[in-house]
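Hello,

The structure we spoke about is below, and my notes follow it.

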Amino acid sequence: MSGIPDRKEAQVKQLLEGPYPVVPPGLAAGAAARGDRLLRRRRALRRFGWAVLFAAAVAFTVWASLTRPWAGPPSGVSPPLEGW
């Protein structure tokens, strides 16, 4: 690399040394309001997700207790009769 300053670097230095742009008066309040909205939305979605997960777990538990999928199907053959 040579000692010649880069054009982009010179432009950045000029921007940093120059007068700063005027910030709109409601910018901070608007950003805070948007952040609050995003947090509320994220919190609501998280609560909704947990509620759906809980409802699915309850539905699965009720279904499993009623149908008993772990038990095998009943045998079609009766056991032999002894002692007649």
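What does the secondary structure of the protein come to? Two helices and zero strands, where helices (H or I, at least four residues) and strands (E, at least two) are DSSP runs numbered from the N terminus. The radius of gyration, taken over C-alpha atoms, is 35 Å, well over the 12 Å that the globule rule gives for 84 residues, so the protein is more spread out than a compact globule. That rule is 2.2 Å times the number of residues to the power 0.38. Along the principal axes, the C-alpha atoms fill a box of roughly 110 × 45 × 15 Å.

This is a predicted model: local features need pLDDT of at least 70 and side-chain atom pairs pLDDT 80 or more, while totals for chains, interfaces and linings use all residues. Residues are numbered from 1 along each chain as its sequence is written, and side-chain values use heavy atoms, leaving out hydrogens and water.

Of the 84 residues, 1% count as buried (under 20% relative accessible area; exposed is over 50%, partly exposed in between; 1.4 Å probe, protein chains only).

Lys8 is in helix 1 (residues 7-17) and counts as exposed at 55% relative accessibility. Its C-alpha atom is separated by 88 Å from that of Val77, 69 residues apart along the chain.

Leu66 belongs to helix 2 (residues 27-67) and is exposed too, with a relative accessible area of 68%.

Regards
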